[in-house]
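Here are some friendly notes to read alongside the structure. Take them one at a time, with the picture open beside you.

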Amino acid sequence: MNPTKLSWKPGAVLALGLAVGAVQAHDRARTPVNIPDIPGYLTLKCDLHIHTVFSDGSVWPDIRAEEAWREGLDAIAITDHIEYQPHKRDLPTAHNRSYEIAKPRGDSLEVAVIRGSEITRQMPPGHLNAVFITDAVSLDTPEWRDALKTASDQGAFIFWNHPGWTGQQPDGVARWYPEHDELLNQGRLHGIEVVNSREYYPEAHRWCLDKKLTMLSNSDIHNPLNLDYDVHAGDHRPITLVFATERSPGAIKEALFARRTAVYGGNRLVGEETWVRPLFERSLTIRNPQVAIRGKGRVYVQIHNHSDLRYELQRAGTVAGLSFPATVSLPPGRTALLEVRGTDADANGVRQIGLPYTVSNVLVEPEQGLQVTLDIQVTFSP
Ligand SMILES: [Zn+2]
Ligand SMILES: [Zn+2]
């Protein structure tokens, strides 16, 4: 097309004006994470592994607080590396500064900012985060055992980061070393990242169950959040769900030591059944739990999913007199239809029925989905 032949009609000018207006009205807004509270506890959304320019990150610390606020988080820990300071020619090593800069912005937005550090050593013991420390400078010491003792003496919650990271385990398989037994026996290892960024470590999941450690799921973000996660398309950073008695740093710390957490990474929940079962159950409402079936007729059960997860269900048993789908997908924020049919033309009477399913993306053990029933009352008539 020859540009000189372009003509600007009034409609085109108006459309251009609207487009510019839309850009200028860019929303500076918070989007909630739709994961329900559970009986007795608030479900707080936390990311306890975040980097800034004060180690190898690319973001000034206060921006981390607003990113978290926008993404609906309740708390973050700033955990710059102690031993890895690649920006030190431009920015002097100052281990407490990233927390001190992020904290006021967090306070103004009601996002708790927790002081932390990443103790960054070769495997074993690898990288460990200490959060709820009181002074990061004192962790800067040659011997890793001294750093962890100091953190522990400060009352820190200490967890092992990305145990299957290919930078330290080229095959991506997490391995437990005698050094981890040593830390565990000394009470200086309290949790493990079961999810770090996009990675899930089934070995870490198993260790948390067997050794009674807390499960965590953190971003380990170095870039601006939006470079790595397409938030506006429904993507989200990994989040540690903390079941806390109130919305405060102290309550988060108490819950972490008490192992009241679950892992929310990608479209997956990981956690002990005690926590993930109520999360699943409170995510759903069956809109018409009482249905009537005549003979071999069909009905539709409407299931609304209030959460941000897409729950994937696989049939896990049979029910006499009924057929129901082998797979069901419950999309986030929407109501799904479940088609149920009678298989006995002469059935009669009222029955309470639990349709048995396995939720394949809610893991109570590695490769073991949560077993659930969708409970309905069916009135049969010939
Ligand atoms: Zn690390
Ligand atoms: Zn890190």
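1. Asp 74 has a relative accessible area of 10%, so it counts as buried (buried means under 20% relative accessible area, exposed over 50% and partly exposed in between, with a 1.4 Å probe and protein chains only). Asp 74 forms a salt bridge with Arg 247, and their closest N and O atoms are 2.7 Å apart (a salt bridge is a side-chain nitrogen of Lys or Arg within 4 Å of a carboxyl oxygen of Asp or Glu). This pair links distant parts of the chain, 173 residues apart: Asp 74 is in the loop between H2 and strand E2 (75-78), and Arg 247 is in the loop between strand E9 (239-244) and helix H8 (249-257). Helices (H or I, at least four residues) and strands (E, at least two) are DSSP runs, numbered from the N terminus. Arg 247 is partly exposed, at 43% relative accessibility.

2. A word on how to read all this. This is a predicted model, in which local features need pLDDT of at least 70 and side-chain atom pairs count only at pLDDT 80 or more, while totals for chains, interfaces and linings use all residues. Residues are numbered from 1 along each chain as its sequence is written, chains are lettered from A and ligands numbered from 1 in the order in which they are written, and side-chain values use heavy atoms, with hydrogens and water left out.

3. Now look inside two helices. Lys 103 and Asp 107 both lie in helix H3 (residues 97-109), four residues apart, which is about one turn of the helix. They form a salt bridge with closest N and O atoms 3.0 Å apart. Lys 103 is partly exposed at 25%, and Asp 107 is partly exposed at 44%. In helix H9 (residues 273-283), Glu 281 and Arg 277 are also four residues apart, and their salt bridge has its closest N and O atoms 3.9 Å apart. Glu 281 is partly exposed at 47%, as is Arg 277 at 22%.

4. How many salt bridges does a search of the whole structure find? The search gives 24. Arg 28, Asp 62, Glu 66, Arg 70 and Arg 105 are linked in a network of them.

5. Next, please find the zinc ion (ligand 2). His 49 (NE2), His 51 (NE2), Glu 118 (OE) and Asp 220 (OD) coordinate this ion at 2.0 to 2.2 Å. Donors are N, O and S atoms within 2.8 Å of the metal (3.2 Å for Na, K and Ca); water is not among the atoms, so sites may look incomplete. Why is the arrangement called irregular? The four donor atoms subtend angles of 81 to 168° around the zinc ion (ligand 2), whereas four donors count as tetrahedral if all angles lie between 85 and 135 degrees; four count as square planar and six as octahedral if opposite donors are over 155 degrees apart and all others between 65 and 115, and anything else is irregular.

6. Finally, meet the neighbouring ion. The zinc ion (ligand 1) has Glu 118 (OE), His 127 (ND1) and His 162 (NE2) as its protein donors, 2.0 to 2.2 Å away. Glu 118 coordinates both zinc ions, which are 3.5 Å apart.
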